[in-house]
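Colleague: Hi! Could you walk me through this one? I'm still new to reading structures.
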Amino acid sequence: MQMIDYKVPGGKLLRIKAEIQDGKIDKVMILGDFFVHPEDAIEEIEKSLYGCPLNKNDILERINRIISRGVSIIGFSAEDVAEVLLQMK
Amino acid sequence: MVIRLDRFRLIPFSVNNAFKNMAIDEAIMIAVSEGTVLPTLRFYRWEPSAISIGTFQSMTDEVDVEKCKELGVDVVRRITGGGAVYHDKKGEVTYSIAVPLGHRLAPSDILESYKIICSGIIEGLKSLGIHAEFSPINDVIVNGKKISGNAQTRRKGVLLQHGTVLVDFDPETMFSLLKVPDEKIRDKKIKLVRKRVTSIRHELGKMLPLEHVAKQLRKSFQEALSIDLVEDGLTSYELKLAEKIAAERYQNHDWNFRR
């Protein structure tokens, strides 16, 4: 499991733990002191990323699909998650 | 000008352990959602001292659980986001407020609602002679230093916000219980947090009884939020519900260590 901490400028602390296998996200946890409304959405976002190819467009598309259901995130953005994941190998 | 005074129930300053405190907040939120009680403002403190973590944090990443056990400090995961907080039994007043969504105190704009509710804290500090201001996203600061942290959830058509007011602050104890990325930087962290966090005691140069602070906050919330407080207890339904929620959620290892 890889782990990267990222302080979002003007936002909160994002800690991402993930397993990457063959260029795909095998497992991911998005941790930190941010806010997500409704809170359950974080698990949906994590699940939606399982098996996701490690490229920006795919990651953003999957996260934004969940957000578009009426989820508010305060303290980080889909972009931030993608940037952190892309630093993993 | 006519000021609309909404009636709110006030649950007066009381003390409970961490599990009960968090369960009561949740039980109130459910009762407000079901319409069986008025929107509610509550003041409390924590005994034993406790650490609460934000709902998206990892317990074992954030907290030295063994050390907490050793010192008799409870650990609990909140239902609200935000960060890890050390709730000192002698150094903090906590409030919670449960308001139906759409009420003028619970607009759909989340940042706006933090700002509105935090005005109760800012006015309370002002009445004690401390000039504080709101610092987005969810803090109240004095000269750039944090004195109050706040967190809210919106469930079942109700906004529940709880937050702290630091009356006394002990970073040594706090950092002996929280994990730091590297032991070598523990002292540095303590120094840094001293620069970034303050307390009523630090600002006034003297300690105030927690009851006194809670009383001031009660007045200031009433005035700043233009609400009419009706002092009352929890209903027997809420008490029963809180017991159930404490057992099923906040005292449950699976919940507290789920992330």
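This is a predicted model: local features need pLDDT of at least 70, side-chain atom pairs count only at pLDDT 80 or more; totals for chains, interfaces and linings use all residues.

Colleague: In which sense do β1(A) and β2(A) pair?

Modeller: They are antiparallel, with six bridges between them. For example, I4(A) sits opposite I16(A) of β2(A). Five residues lie between the two strands of this hairpin, and G10(A) has a positive phi near 70° there.

Colleague: Okay, switching to chain B. How many helices and strands are there in chain B?

Modeller: Chain B has 10 helices and 11 strands. Its radius of gyration is 18 Å, close to the 18 Å from the globule rule for 259 residues, so chain B is as compact as a globular protein of that length.

Colleague: And what share of the residues of chain B count as buried?

Modeller: That would be 49% of the 259 residues.

Colleague: What is the strand order in the open sheet of chain B?

Modeller: The eight strands run β7-β8-β9-β10-β6-β2-β1-β11, and the pairing is mixed. At the edges stand β7 (133–135) and β11 (227–231) of chain B; each has a single partner strand, so one side of each has no neighbour in the sheet. From one strand to the next, the twist averages 25°.

Colleague: How do β1(B) and β11(B) pair, parallel or antiparallel?

Modeller: Parallel, over five bridges, with β1(B) covering residues 6–16. In one of the bridges, D6(B) has I227(B) of β11(B) as its partner.

Colleague: Which strands does helix α4 of chain B lie across?

Modeller: Helix α4(B), residues 110–127, lies across β6 (92–100), β7, β8 (139–142), β9 (145–155) and β10 (158–166) of chain B. The helix runs at about 140° to β9(B).

Colleague: Last one: why does I30(B) count as buried?

Modeller: Because I30(B) has 20 other C-beta atoms within 10 Å, and 20 or more is the cut-off for buried. I30(B) belongs to helix α1 (residues 18–34) of chain B, and, leaving out residues up to four places away in sequence, touches K156(B) and L241(B).

Colleague: How far apart are I30(B) and R155(B)?

Modeller: In sequence they are 125 residues apart, while in space their C-alpha atoms are 8.7 Å apart.

Notes
Residues are numbered from 1 along each chain as its sequence is written. Chains are lettered from A and ligands numbered from 1 in the order in which they are written. Two strands pair if DSSP finds at least two bridges between them. Helices (H or I, at least four residues) and strands (E, at least two) are DSSP runs, numbered from the N terminus. A residue is buried if 20 or more other C-beta atoms lie within 10 Å of its own, exposed if 12 or fewer, and partly exposed in between; C-beta atoms are placed from the backbone. Two residues are in contact if their C-beta atoms, placed from the backbone, lie within 7 Å. Axes are lines fitted to C-alpha atoms, for helices over the stretch in contact, and angles run from 0 to 180 degrees between N-to-C directions. The radius of gyration is taken over C-alpha atoms; the globule rule is 2.2 Å times the number of residues to the power 0.38.
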